[in-house]
Amino acid sequence: MQAVFFEAVRRQDFDDLQNELAGRETGRLERFLSPDERERIRDGKSKGERQAEAMTRLQWMLANNAEYAALYDDTFDKLREAEQAAERALEKARLALAKAERDLQATLDSAARLPDGTRVFRDEQGRVRTVHGATVSDLDAASIEWSGDEPAYEQFLGNRSTIESLGGRIDKIERMQVEVLGHARNVLDDEDNLASTEELENLRQQIDESTEYFNQDLVTTTPSDAPQRTADVQLPMLN
């Protein structure tokens, strides 16, 4: 009986091995071949062939086209540099904006005032103006006692213009991060829709132009020869 049992087990093992080698499904647990070997037998392909099929178009191109790989890697390096430059530019602009807002508030706090509390400034022609640019009447202007230390209208305009300029720069950088850098990263990360050499060259140009903008120095908007204080204003001669 024991010999019959072992013969039956041997026969079942032999049948299972033959079924696995033939790639036939029997509903029984596969026991003899590795998963890779079973898969190779089923599709008639080697492990290397299946791995080659699993490669994306981008992976294949990078592995087999040295010129394309060099262009792709260089474009990606430029993108990373641009992303870092954008973050530095944003931080710098935001700090400058915070300072410009403090400067504007200090200018407003130091401004002369009409009896009703309206802040006013004297411009370089000697005219008195409100923060909205309206000219104050001579009668109202005569009620102001000037110390000479009040900020000039041009100083106020410079503070305000600096804030507008910095705000615009921040908006532009953030927009470029999405429209240029974000788009470039999506293209470079897309492993199935391979970017052409021409597309990579165009991306490189856009990235370079963006980096150049990010690295620009912040420019103040107030001319250095503009009056800064009321005492700097040349009052008009009276006839």
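In the hairpin of S1 and S2, glycine 117 adopts a positive phi near 95°. This hairpin has 5 residues between the strands. The structure is a predicted model, in which local features need pLDDT of at least 70, side-chain atom pairs count only at pLDDT 80 or more, and totals for chains, interfaces and linings use all residues. Residues are numbered from 1 along each chain as its sequence is written, and side-chain values use heavy atoms, with hydrogens and water left out.

Strand S1 covers residues 112-113 and strand S2 covers residues 119-122. The two run antiparallel and are joined by 2 bridges. Strands count as paired if DSSP finds at least two bridges between them. Alanine 112 has valine 120 in S2 as its bridge partner.

S2 also pairs with strand S3, residues 128-130. Here 3 bridges join the strands, again antiparallel. Arginine 122 is bridged to valine 128 in S3. S2 and S3 form a hairpin with 5 residues between them. In its turn, glycine 126 has a positive phi of about 90°.

The chain holds 8 helices and 3 strands. These are DSSP runs numbered from the N terminus: helices are H or I, at least four residues, and strands are E, at least two. Along the sequence the order is α-α-α-α-α-β-β-β-α-α-α.

Of the 239 residues in the chain, 33% are buried (under 20% relative accessible area, 1.4 Å probe, protein chains only). Contacts are heavy atoms within 4.5 Å. Among contacts between residues at least 6 apart in sequence, 65% join residues at least 24 apart. The chain exposes about 15,500 Å², by the Shrake-Rupley method with a 1.4 Å probe. Carbon and sulfur atoms supply 49% of this area.

Notes
Buried means under 20% relative accessible area, exposed over 50%, partly exposed in between (1.4 Å probe, protein chains only).
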